[in-house]
Amino acid sequence: MEKKKWGATLFGYLRPYRPELTVRDDELFKAYYCGVCAALGKRSMVCRAMLRFDIAFLSIVRDAFGDGPHQLAPAFCPTKLKRLPVVQGPCMPFAAQVHLLLAEEKRRDDRRDGSKFSGMGLFRRQIERATAEQGELYQALLAMDEAQLSLEQENCTDVDLAAEPFSVFVGRLLAHGMDEERQEGLSWMGRNIGRWIYWLDALDDIAADQKSGNYNVFVKNGMDKQSAHQYIAPLLALCESQAFAAWNTLDFSRNGSIVRNVLLYGMPQAVAEVMNERQAGDGSI
Amino acid sequence: MDPYKVLGVSPSASDDEIKKKYRELVKKYHPDRYASKPKSEQDAASERIKTINAAYDQIQQMRSGGGAGAGGQGYGGASAGYGGASSGYGGQGGYGRQGGGYGQWGPFGGYGQWSGYGQQQSGPRGDQFDEIRQLISRGLIVQAEQALLRMNDRPAQWHYLYGLVQMRYQRYASARDSFQTAVNMDPGNPEYRQALEQIDAVYSSNRRRSQGFGLDSTLCRICQCMACFSLCGGRFYCC
């Protein structure tokens, strides 16, 4: 697999665009990512290795409404073999649990696609703990999974409908447990981001899904990658703009510049990388 | 508030009389008519519209057997969440208030250019579209969609309004397709063309920004407009 596709798939599409990040924000993003990693616990090494930037972004958005400076503390990094500053706070354990819930969803998806082995099974105990502690979200995840499966079995060709389950789930993730006055804005932002991720992932997987026969809404519509991009690119941009518009109406007290970078620069960059218009090595983390 | 007094009708007036009077008042105080007036007059008209809408909602509530309230915009609506609506997965927006859940969101709702009072047709069908525009402006998206789907005759304006409804549900593909159909059916209509161009303009700006041209003024306008939209209580400003 090409390196840039591997990177996008493994680390997620939602990441900053480093050339437009300040040094401070660059360090802060890493500290959030490391904070979620640390929150996953010492026993979940495989799990920690599969942590995506999307989850770090989730923690950054949810932590944007806190009071006071960031709570930073040193923690040992098992991959870099040194102590690094990590962000601490209630958003970290939540993000870690979300990572585990999504890992569970990935395991179910892999099984459904016929994969006999899914690496996600290696940390079953951590997943079970997360599903117990975040029962409501887990139920929402199962409902999403069921709805997605139903659409796939019906060979859904409606591009909007296909993205709906994941879109709603991400909206719920962003808004879960937040103050009521922020719920609508975060939900709108999350739904647009979820829709964007779904469409971009489908765009990215066209070749692989054509070969394997796995469900892909663009393949179902008889599109190849170029024609699918032509069709979906304006709508991806609309998702980015709507997410940004929603973000701008929220009363965030910090992390604004990082979120802005991801929405305005990181997301278009991710689209360009998927279309091989730009190399992943030119600045993205 | 005496809603009948606000609308200037008798409590014994028929539903049609009340509806007719309501439309007259909305047209009279519509923000488009005050675009060139001083801000104080614009604000006064905006407040007047809110009062008129509240009065009309209250009368509808009273006459349908419900209490005086907030115009039927309670949480839950029709089939919130997964798999509720017969029209398919998450058919009614999935969250929050009736009306797609996001009455103040999106660039394609509210008063002003996207309701397009200047574009109405005369006659019974024109009245129907007029009413649907009102529903969309007030965030009653579920009702707007139902009213549209009940119509057999679907000219360009139908597709345009359907596109606005789809935008509120974040069904962007369907919305763009609807706007495109409206433009194809009525190429000379600036309102329909502008809706389609808005989507393409966002894409062009995003590409320019990501290719290193920085935040250009077009993007600033669009994103600010979208942010302004919610801050201004549903009115769409083109900055």
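Which residue's side-chain oxygen reaches the backbone nitrogen of A:Gln226 at the start of α12(A)? The residue is A:Asp224, and the oxygen lies within 3.3 Å of that nitrogen.

The model is predicted, local features need pLDDT of at least 70, side-chain atom pairs count only at pLDDT 80 or more, and totals for chains, interfaces and linings use all residues. Residues are numbered from 1 along each chain as its sequence is written, chains are lettered from A and ligands numbered from 1 in the order in which they are written, and side-chain values use heavy atoms, without hydrogens and water.

**View 1. Helix α12 of chain A, residues 225-248.** Helices are DSSP runs (H or I, at least four residues) and strands are E runs of at least two, numbered from the N terminus. A kink of about 40 degrees lies at A:Ile232, shortly before A:Pro234.

**View 2. A:Arg15, in the loop between α1 (3-11) and α2 (23-39) of chain A.** A:Arg15 is buried, at 5% relative accessible area. Its side chain reaches the backbone oxygen of A:Gly12 at 2.6 Å.

**View 3. A:Leu81, in the loop between β1 (71-77) and β2 (82-88) of chain A.** Phi of this non-glycine residue is positive, near 55 degrees. A:Leu81 is exposed, with a relative accessible area of 62%.

Key
Expected span 1.5 Å × (residues − 1). Bend = angle between axes of the 7 residues up to and from the residue. Polar contact = N/O pair within 3.5 Å; in protein donor to acceptor, adjacent residues only side chain to side chain. Buried < 20%, exposed > 50% of the residue type's maximum accessible area, 1.4 Å probe, protein only.
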